[in-house]
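Try each one with the model open before you read the solution.

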Amino acid sequence: MQSEWIAGWLLTLAMHAGVLISIAWLVDRGRFRMQLAWRELLWRGALFGGLLTASVQAYVELPSPRVMLASAGPVALPEVRDAAASGQAPERRAQTVAPATPAAAISPLVPAPHANAIIDGSKPTRFAWPSWHTLVVAGWIAGVLLVLARLAHALVGISRRIGEAQPLARRTLAADAASLALAAGTPTPRLAVSDAFGSPVAAIGRRIVMPHWALQLLDRDQQAAMLAHEVAHLARRDPLWKLLAALCSALLWFLPSTRLARRRLDEIAELRCDHWAAMHLGDGRALAECLAECATHHLEGVDARLVPAMAHRDSPLLERIDHLIEGKPLDTTYTSTRAVLACAFTLAAAVLLLPGVSAQAQAQAPTPPTPPTPPAAPAPPEPPAGDVRFSHRSGGMFGLLADSTTVEINDDGKRYGARIRGKVEFNDRDDDIVRMDDGATARFEQEAGGSARRIEYARRGDAIERHYYVDGREQPIDEQGREWIAGLIVTIVRETGINVGPRVKRIHAAGGADAVLDEIGRISSGHSRVAHLRELYPLAKLTPEQSTRVIGLIDGMESDYEVRNALAGLAASNPLDAGQQLLVLAQAGNIDSDYERAELLIGMLHHLAPGEPVRVAWLEAASGIGSDYELRRTLTALLEAGNPDEQTLARVIAAADAIGSDYERRTLLVSAVERIGDADRIASAYAAAASEIGSDYERREALVALVRAPKFGMDAARAVLDAAAGIGSDYERTQVLVEVAGVMPPDAALIARYREVARGLSDHERGVAERALDRFAG
């Protein structure tokens, strides 16, 4: 959760709680003074309602007014260039991010290289003060923690004193307490006696603690009145309400008015309990005498503000005694559901009418940019997870921890797994472990057909111990077990690429590239095949037959990511003839991922064999890219890779018809027209492609680029005028006409067409267009 949101919620909470408590204070001074039930609901709604209304406003979008506070630092608006002044659309730089190498290609026997960290050291780090909303939130949290610590200390002290109180075994008091509890509809309380409290208190857990002086100085009627008052507290759950009020005040520690609300709630609770006790005893005089006696004893040593006490320093004892002696009528019952409905209505009105505070940055809506903002480049896809899970940790804690490798393979209902700790070395067949470091362990397991097997290796002294288990029971390693172990280990090594570097070098040294290709043909995992091929490519130049064989091995891979990596690595490390490149391009046409296909085609551009068939196959593979951005950057890379001939330019312009984005199509057309030597020869196809651009600005930019191309003649001018007729913006159409007027031939039919296109313009813009023809006058 952001600090701006919390700061806004806190400011909203302070405003709402302050307003609600102020309203309660004003209402409480009126005719509700003698209606205790209404007053209590009023003050509870004021104390707890601020938390409710502020939270609702923070989480729910409501039409309530909002006070916007500026966050630290200005809000950056996108930079807008004046298209009319520059005459060019903003350039966009596309950053190509290559997906990370799969973890399965990391060897567990060699420390894995750390990922390169990119650190911008161009600017020195300067100390910056935290934002104001961060300071507000930090200060609020510090205050809450401090108040909660004090609250916890008080609770611990009260709990300890109550726990130390001695059980009170007086039958008369126990009988009175049981009778009063039955009348109040609450379980019979437990009675105790302690001098830790100066007056009787009711505590959570249905306990009433009485001081010794109350048993010694009060008579039977006064003690019964005292018990009645405390039983009323328990029946009303006042100990819990006082704790909740204290917690709420802790959250609102910065708002002094919460202390007023707590005092009012305490006073009302005492008056209501007095009224209940007097009503059930038939007379309030005994309770008044008890209160007068309590007034002579002060609370000492223990903070009893968290428990309902019969009398304490802040209690308005004289007012309570007067009410009891004079028998003033007090309304302690809700007249109807109107009180609850009134409270709910007030809180709902507070949510809708009270303003909220937002500390989050609000960016102003920028002026519509001219030119329009180019679309963002899509993020490259993540490498595939596949059915192989591989994790490797090389050292740790400054190299004090052992290397560890975990492998899990799921294949057609079979599950293979391996866990290796420490450094181990396999034999030349990769079907057994022949060497282990001190303390190293290895475990290989398989679950298939309802049966589970595993083999565990451990270095003990100078020997390697092997323990073989079938369905959880250890068994001796027989011939069948040895065959299973060998097959399992070599399968895991092959499919995960464990120790792939030394393994490929060993196989190559023994049998050459063909032996490595034979081994790769036994591997079903695409990422493991790529890992083996990546290690093979630098060892030796492949023969044409071997390269063709590699292409066939790649054909069996399902992952577009793996196919692209394997084909790109082959094309970059081994010169491929035209026939092999056609095979690679055919594979590229099967790649569904637009990003992966674009990456492969762009990477092949500098290695393409000369000749029309290869160039046509490359363009056919590119035309299958569905993403406008990927297709545009792929075809642009073709234009930038060399000097494309006229036929290639024509094909690129024709391929622009597949691009739906106005920006991407205009960018590609401009890149193509910058490389043509005769505008008239491609003008018809170019203008037709530009006519499909919906944006007036983008169409104008594309047509102006053609106007500025070499050898702009009669055919090109006619094509541009036809395309400009569809531009809805008078300004953009005028800009195209002015550009055309400056270079078009002095042909009467062409000038007539020019004036026909200008006829629908506004008077001002038409005048500008007509004045551009002044060069033909005289």
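A charge sits over a ring if NZ of Lys or CZ of Arg is within 6 Å of the ring centre and within 35 degrees of the ring normal. Quick housekeeping: this is a predicted model, where local features need pLDDT of at least 70, side-chain atom pairs count only at pLDDT 80 or more, and totals for chains, interfaces and linings use all residues. Residues are numbered from 1 along each chain as its sequence is written, and side-chain values use heavy atoms, with hydrogens and water left out.

**Exercise 1.** Find what lies over the face of Trp241, and what sits over the ring of Tyr469.

*Solution.* Start at Trp241: Arg44 lies over its face, 3.7 Å from the ring centre. Then go to Tyr469, where the charged end of Arg454 is 3.9 Å from the centre of the ring.

**Exercise 2.** Classify the ring pair Phe444 and Tyr457, and say where the two residues lie.

*Solution.* Step one, the rule: rings of Phe, Tyr and Trp (its six-membered ring) pair if their centres lie within 6.5 Å; planes under 30 degrees apart count as stacked, over 60 as edge-to-face and the rest as tilted. There are four aromatic pairs in the structure. One of them is Trp253 with Phe254: centres 5.9 Å apart, planes at 85 degrees, so edge-to-face. For Phe444 and Tyr457 the centres are 6.1 Å apart and the planes at 90 degrees, so this pair is edge-to-face too.

Step two, location: Phe444 belongs to strand β12 (residues 441–448) and Tyr457 to strand β13 (residues 451–460), so the pair ties together parts 13 residues apart in sequence. Strands here are DSSP runs (E, at least two residues), numbered from the N terminus.

Trp253, by contrast, is partly exposed at 34%, and Phe254 is partly exposed at 29%.

**Exercise 3.** Trace how β13 pairs with β12 and with β14.

*Solution.* Two strands pair if DSSP finds at least two bridges between them. First, β12 and β13 run antiparallel, joined by eight bridges, with Ala448 opposite Ser451. They form a hairpin with two residues between them, and Gly449 in the turn has a positive phi of about 60 degrees.

Next, eight bridges also link β13 to β14 (residues 463–470), again antiparallel. Ile455 has Tyr468 in β14 as its bridge partner. This hairpin has two residues between the strands, and Gly461 takes a positive phi near 70 degrees.

Key
Buried means under 20% relative accessible area, exposed over 50%, partly exposed in between (1.4 Å probe, protein chains only). Helices (H or I, at least four residues) and strands (E, at least two) are DSSP runs, numbered from the N terminus.
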